[in-house]
Amino acid sequence: MTTTAPSRQVSLAEKVYQRCLNIDCAATYDVGEVRTKCGACGDLLDVVYDWSRLPVPKRLSDMEAMWARRHEPLRFSGVWRFHELLPFAPPERVITVGEGQTLLQQADFVSRYVGLRPGQLYLQYEGMNPSGSFKDNGMCAAFTHAHMVGAKRAACASTGNTSASLAMYCAVTQLMRAIIFIGSGKISYGKLSQALEYGALTVQIAGDFDDAMARVQEISKALGIYLVNSVNPFRLEGQKTVMFRVLEALRWEVPDWIVVPGGNLGNSSAFGKAFLELKELGLISKVPRLAVINAAGADTLDVLYNQRNLRWNRGRPRMETACWYYDELDRSKTKADTIASAIEINRPVNLKKCLRALDVCDGVVRKVSDQEILDAKAQVGAGGIGCEPASAASVAGAKLLRQQGVIGYEDRVVCILTGHQLKDPTATVAYHTTDQDKFEEVLGSRGVTRASYANRAIAVPNDVEAIIKAIQLYS
Ligand code: F0G
C-alpha cells in the first residue's frame, strides 16, 4: 500500500486525541482517557487525528491491497481492514471477532418499490455481522478502547442490538463482563435471547430506552464501569467503516444518497464524520447526500430539524431548542412508540453530531409511519435476505423521498439495512399471519391497518389430494 511516511517517531497520544465538540470549548483529552463527555462543558467528544503524523493511504483504492492480507486478523475484519482511517489503537491491541463481513447488494426488486431506475438501488446488509446488526462495527472499536484502558466491566443501555453486540464481544473474548440495561417489554425476543445466552448481566429497568440510557450513564460513572453506548466516541470510529465498505463495493465511486434509519443517531453521525475526514484527506471529491429517517412514533430529529429549524449553524447549533422540546415531551408525558423498537428513542444522544453530519452531507430528515416501515420491510424480505423493522425505515424513507421528488429516478441510492431479519420475528410473523379484520386489534395502536404484502400460509387438511389441489391453485 502507498502511504505517506510520518515525519518523525511520535507517540500515539500526539497523533490521536479526544476533543470536545463544542467549538467554543474545544477541550482536549488523551486518547487513553475514559470519558463520554467533556469535563469542562459536558458536550460530546470526538476522536481527532493529526493526519500529518499518520500513514494515510494516498488513494482509497490502496485499501484493496488489504484483501490480500486476509489471513491477518486485523485485515480480515471489515472494520480494521481500514485501520489507517481509524488509527486510535496500535494494531497489536486491536480486538476483532471478524465483524464487518457485510454485503452491498444491487436490489432491483426493491428498486421498483422505491421508484428508482433498476440498478440504482443498493442495500447494505449490516445484519450479516456476527451479532446480526451494524453494532459490531462500533462495538469492536469501543471494546478495543475499553481493553486498552484496562476495563473489566462494560455497560450499555439498549433497545437490543447494542446489548447483543457487547454481550457477544465479552463472551468471545472473555475479557470483560457485560452489564446491559434494557427497558421493560421493549426489546425483541431475538435480541434479548442473545444477551441472555451470551451471559450478560441483564438489568431490566421499569422504564423505556430513554430512561435506561439516563440510568446507565449515571451508574457507569458511579461504579467506574466502561460505557459503550454511542456517546462513547470510539464507537463511532468503527461505524465509519460501513461507509468505507459501501465505497469499496462501488469501486470507490461515491453514491448520490445514503439513507439510514435514525434512533440514537450514532450511525448518521459516524457516516458524516467518515465523509468529513475522507474529504479533508483528499480521498473523495464529492460527498453523498444523507437522509436520516425517523419512525413517526419517535420523531425528535424530524421535529427539531424540519419544524424547529435546528441546524449545525457552523458548530453553534441552538441546542436549547432540543431542551425545550424534551421539556414539552415530559410535560405531555409523551413516550416514543413504534413497532421499530430499535429506534424507539425520543432523546437521541448524538443529536449534535448528527446535525454536523447533515450539514456536511447536505442532508434531509424524514419520518415514516409504522405502516410504511412494515410494508417496506416485507418488500425488502420479498427481495431476499430481509431486515428487521427499524432497518426498513431506510427503504420506506427512500420511497417517500422519491415520491417527493427529492431523490431522482436516476439517482444512485444506498439504503443501510442495520439489523438482521431474524432479530424481530414477532413483527414479521404478525404482519404475514394476522387476518385483515384483526389487524387493528394486533397492531392498530400504531396505525398499522393492513398488510399489503402479506404472504399468508395456506391451511390445508392432512390429505394428499387436498394438498396437491391447494398447491396447484396457489402456485
Ligand atoms: N437500526 C437498528 C437495527 C438499531 O438497533 C438501531 C439502534 C438503529 C437502527 C438506530 O441507530 O442509534 O445509530 O441512530 N439501536 C440501539 C440499540 C439504540 O440499543 O441497539 P442509531
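Which polar side-chain atom lies 2.8 Å from an oxygen atom of the ligand? I looked this up in a predicted model, where local features need pLDDT of at least 70, side-chain atom pairs count only at pLDDT 80 or more, and totals for chains, interfaces and linings use all residues. Residues are numbered from 1 along each chain as its sequence is written, and side-chain values use heavy atoms, with hydrogens and water left out.

I found that the atom belongs to Ser 158. I then checked the backbone: an N or O atom of Asn 264 lies 2.7 Å from a ligand oxygen, and one of Asn 267 lies 2.8 Å from a ligand oxygen. I took polar contacts here as pairs of N or O atoms within 3.5 Å.

I looked up burial next. The ligand alone exposes 480 Å², of which the protein buries 99% (Shrake-Rupley method, 1.4 Å probe).

Conventions
Polar contact = N/O pair within 3.5 Å; in protein donor to acceptor, adjacent residues only side chain to side chain.
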